[in-house]
2 protein chains.
Amino acid sequence: LFSLAVSGQKHPGIMITGEQVPALRAGVNRYPLLKRSYREIKAAADAAIAQPVTVPVPKDGGGGVTHEQHKKNYTGILNCGIVYQLTGNKKYADYVKELLLQYAAKYESWPLHPARKNNKESGRIFWQSLNDFVWQVYTIQGYDLVYDAIDPKDREEIEAHLFLPILQFFTGHCAYIFNSIHNHGTWCLAAVGLTGYVLNKPEYVQMALKGSKLDGKSGYWAQLDQLFSPDGYYAEGPYYQRYALFPFLIFAKAIQNHQPRLHVFEYRNKLLAKAINSMLQCTYTNGAIFPLNDAIKDKTSETWELVYGVDIAYSDINNSNDLLDVAQQQGRVIVSDAGLKVAKAVYEKKATPFKYVSEWLSDGADGKAGGLGILRDGPNTDQQCVVLKATTQGMGHGHFDRLNLLYYDNGTEVFSDYGAARFLNIESKGGGGYLPENNSWAKQTVAHNTLVVDRVSDFKGSLEQAQATHPDLVYFNAKPGLQVMSAEEKNAYEGVVLNRVTALITIPELKKPLLLDVFTALSNGEHQYDLPFWYNGQLVDASFQFKAFAGELKPMGDKFGYQHIWLNAAAALNKEAGSITFLNKNRFYTTHFTSENPLTVNFVTTGANDPAMNLTTSRAFMLSRKSSGNATLVSITETHGVTDPVYETVTGAVPAISGVTLINNSEGKKTIVFWVNGKKEYRVTINYNDKNNFINLK
Amino acid sequence: LFSLAVSGQKHPGIMITGEQVPALRAGVNRYPLLKRSYREIKAAADAAIAQPVTVPVPKDGGGGVTHEQHKKNYTGILNCGIVYQLTGNKKYADYVKELLLQYAAKYESWPLHPARKNNKESGRIFWQSLNDFVWQVYTIQGYDLVYDAIDPKDREEIEAHLFLPILQFFTGHCAYIFNSIHNHGTWCLAAVGLTGYVLNKPEYVQMALKGSKLDGKSGYWAQLDQLFSPDGYYAEGPYYQRYALFPFLIFAKAIQNHQPRLHVFEYRNKLLAKAINSMLQCTYTNGAIFPLNDAIKDKTSETWELVYGVDIAYSDINNSNDLLDVAQQQGRVIVSDAGLKVAKAVYEKKATPFKYVSEWLSDGADGKAGGLGILRDGPNTDQQCVVLKATTQGMGHGHFDRLNLLYYDNGTEVFSDYGAARFLNIESKGGGGYLPENNSWAKQTVAHNTLVVDRVSDFKGSLEQAQATHPDLVYFNAKPGLQVMSAEEKNAYEGVVLNRVTALITIPELKKPLLLDVFTALSNGEHQYDLPFWYNGQLVDASFQFKAFAGELKPMGDKFGYQHIWLNAAAALNKEAGSITFLNKNRFYTTHFTSENPLTVNFVTTGANDPAMNLTTSRAFMLSRKSSGNATLVSITETHGVTDPVYETVTGAVPAISGVTLINNSEGKKTIVFWVNGKKEYRVTINYNDKNNFINLK
Ligand SMILES: [Zn+2]
Ligand SMILES: [Zn+2]
């Protein structure tokens, strides 16, 4: 058990510690980031105390009146706790006390929530226990902040009739979740552990760390071991990583403050630092989090959980000044010890541009279950970024998108992922939850920039099968000028082995690297291959004739997502190579492509079989062909030119690459030849089986 | 005739005058806006002189090699002229001299341009004379700037063999254009007038001012009289006004410098100031120019012509500090006397927010040919803006969009106009010119937020008929809290009189005004009425059931633009009132609507009958009904709520208005009743025939 200071537990002791309060009080007047952040919290706290204390009997499900009131109460408690510490004004502490006394008077009489979906996951304040855990993570911090302002008799009342029953509920009725290796479990144990520290109940802290049997098979350390890869990648993907990190970090801060000898931030080779960093590396320079799996697309690094991540990383783990760049973009800090350090350093102009890197983030607890490849080139002001998704399925929120590719440039998405079919919190759209089209469209393979075999999704859309295996890393090398990554998927389709090689290639004639993409399917059978590129922008040119359907649109298929695609045009080419040019945010992109045989190019738009008009419009060009035997789809995407709306000029609208062909096409070796400005010839050779000479450019 | 100073003509004397050069030289090192602007020009000038002097024999049409070279030459001449004045470095003057001597050696040998479309509008340097005029407007300024650095013998050569022949060509062969009341004429006369001043040939200046017969029936003054309304509105609309203003302003500056007693800036009650101001008032707070008629949509107030407008307005006409706000947004100034004043004032922090106003901009030389109504509410950081287009047709670039409505809010378009179907300067898209869909779609009535009768465009799409008449102003009042405008169109459809009343109504329950829109069609016959609202954003709710076509899309019609619309869903309502909610840039908009009888709501998307995929995707909900006799379509658009992607919260997603009905529905009077928050009742009464009590709210 941990030993507390002889004088007993000190309060506050989580995000704000007593010793830092004087500095924090000075800081909120001095450092703009902290000042602005505090002003928001102060305004919210003042708004809260202006309302009567309301603790309704739990009744409504998500979004309902009692649900929203209990949510308001926990943010009110935390905000008032912070403002009490910073102002010393007792009215804020009294508000917290009143609320908690009312909860204490009622909590024990509340049974499982009437709107629960099942008993096992039911909360008592909310319809699902997850919300109860979150409630407690916020509330216990607020209580810690006003602890000294509440007289012992009232504290006794609150602890005996609210917090202890909650601890018992979380570790008793909710033991299944408490001991699970899952982000709901993280919230549960963080709530228990924080409460254990604040109430000075070491036995609960121990359970939070080692599981309710104290055997280490579950609990905080086990979760850190199993939920993250050695690179800090979280199996469900960056959108969920952001959410999952939050309770990990708050509890880590409490562990560090109360039991520094556990060296929580050093655990597993600084796993928490890696998790924060990999999260930030899973963003583009515009802050957008890579929208993999069931992600809401407007999510950026400004999200509140990443404010915690950046501030704690900077203050407690690794005070790298490039984190300050992210903090500046976030425009806020936690009003806390950590936020004070960040705001001060930003004020002192220590920020340097965030160091985006090219890297392979391994997936799996052992780091051997595939991973996410990221290649980048150029300054943060105009960066190219390519992502190859070769991770595990990511459980129930995972998409069937093995070897999916994302491409960013010029501060925006070029080839993108649909993300989730969901309007978060918008009641009229399926109650704000996942829409039916999330399964029928967003998760399907064809919704992604990856190969679809026989117009069926990976693993025929079976989560169980998809979860059972993973793609494999073939090669990764971020050598400047010729960055390359390759991964392989053997299980998504029976009898077909998929491999993708994606590279950023710099040639002296062009300012920006070329995006080379070589997708191979090895198979003996005859198959239909479709490789869509979901592009952003407006189609402006093609090397071939096509004619969009004028008087009628039909869906492209009837299942695996094809039922949601309107086929706008289908052009059967009469030669192997071709190109398509589109204009996106005043810049041109031309995708030059080729294959062993002429392709059919399909132009498609989402929106078919969508009676409630739930889908947003996306557009793709899809390279398609039938093949008996191996198939190779090669593309080189070139960025060129600019339209200047101020001067009404267009420059460089014509691509520099004038042809691409595939030669030496064997299973182990492929050579792609392309010409620049009609004369200079380049050859890229991929040696699939030679790690010492995987790719070369001549 | 004007009298020059005894010492003869002084150089330079147009945008930069000799006396201001020392101040300008100091200013480019001191004032950031001027510094940055000069740096751009210096870089462009250095790039120009690094290239060999090239004066090719004219051969290619727009976009071709010789075309682009001659364009490069005139910007090079002007840029080098400016840099010569600011550095005194003679190499820049020598470059201009070399170029001009080469032109002088060749110009007289060039016949009409080989790529001309007809003789009348042919240039000699370019395929159309307009480009020759522009060339000369730039070039003569550059010559003026380096005049003193060229020795008299070379000047004699250049004037005798280049500029005099040009003057003769412009006033001779091009006399038809020179004397026309049209923006090509403005460029022509500005070129002639500027050249007259620089060469000290008063006879040419006189012709520029009064027409080639000196009778005042054409020329600068006549153009100022006839091309603009008394409010400074230009008949072709703001997109063309921007372009047309440019030669007016440069020539005005030259007139002011050389013949201040002509008081050009005072002419016609300060018409030029009004033209600049009305241009700026035809923008939204994000800088976007209202995309009326054949407008390219990404055009903003940052356009180069408006930099001239703002700088000259500030320095020479009306140094109102709110113009500096626009200059700051533009981020650049003219490197000139005017730009110096602006940059200095901005540096001295004199800028105040630009004063957007609600106003009626009359159209027609007499101000009695309809006009453009603009209502605004709120600060520049979050302004609502409604535009009612009741102007004349605007000639060949005009759209058949009588009583069209635009609506902006939250820094973005809410109900928008398609603008022109054109990808400016993108060769692969119809050579960068107007696409066939500009006529078949963009100009048609249904492409606009206005009433279509019997699925036929205004005037059956006849320009001649549309040009012959104009809508009329009925009422305009910008009283805070109840701003209203109304216009009437009697000629667009035989036997149908159209009237639109559009108002911004403030009620205490809501933070933002409501957009009330009452469209009436008076007719004895039976007609089909369609009122589309081309909205931006994503549909999230409707008060009625609808089911989008799932397995097939068909165009809505076969002519007048309907052939380009896919019908996604058609919902025949069973009651008079209904509502539609959409989400745009994190804010909700609900349009509540009603009519005398239940409407059919059509959800539509552009893209049908578009074989080359030239159209961008737009979406509308269209209120439709058949009516024998008068029809009234009422809508109230409410803005509410916000989604916060950072905190993942949604507030105010439910509209406050809970119903709208139409009572007292006669030709002269209509009362619209609506309820707020389910209880408070409001009545808006419109008395169409009572200008003293046109609208009231109870
Ligand atoms: Zn996806
Ligand atoms: Zn239009």
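Modeller: A donor is an N, O or S atom within 2.8 Å of the metal (3.2 Å for Na, K and Ca), and sites may look incomplete because water is not among the atoms. In this predicted model, local features need pLDDT of at least 70, side-chain atom pairs count only at pLDDT 80 or more, and totals for chains, interfaces and linings use all residues. Residues are numbered from 1 along each chain, chains are lettered from A and ligands numbered from 1 in the order written, and side-chain values use heavy atoms, without hydrogens and water.

Colleague: What spacing do the donor residues of the zinc ion (ligand 1) have in sequence?

Modeller: The spacing is H-x17-D-x30-H. The atoms concerned are H399(A) (ND1), D417(A) (OD), D417(A) (OD) and H448(A) (NE2), lying 2.1 to 2.7 Å from the ion.

Colleague: Why is the arrangement around the zinc ion (ligand 2) called irregular?

Modeller: Four donors are tetrahedral if all angles lie between 85 and 135 degrees; four are square planar and six octahedral if opposite donors are over 155 degrees apart and all others between 65 and 115; anything else is irregular. The four donor atoms of the zinc ion (ligand 2) subtend angles of 50 to 167°, which makes the arrangement irregular.

Colleague: Which residues supply the protein donors of the zinc ion (ligand 2)?

Modeller: They are H399(B), D417(B) and H448(B).

Colleague: Why does H399(B) count as buried?

Modeller: Buried means under 20% relative accessible area, exposed over 50%, and partly exposed in between (1.4 Å probe, protein chains only). H399(B) has 0% relative accessibility, so H399(B) counts as buried. D417(B), at 1%, therefore counts as buried.
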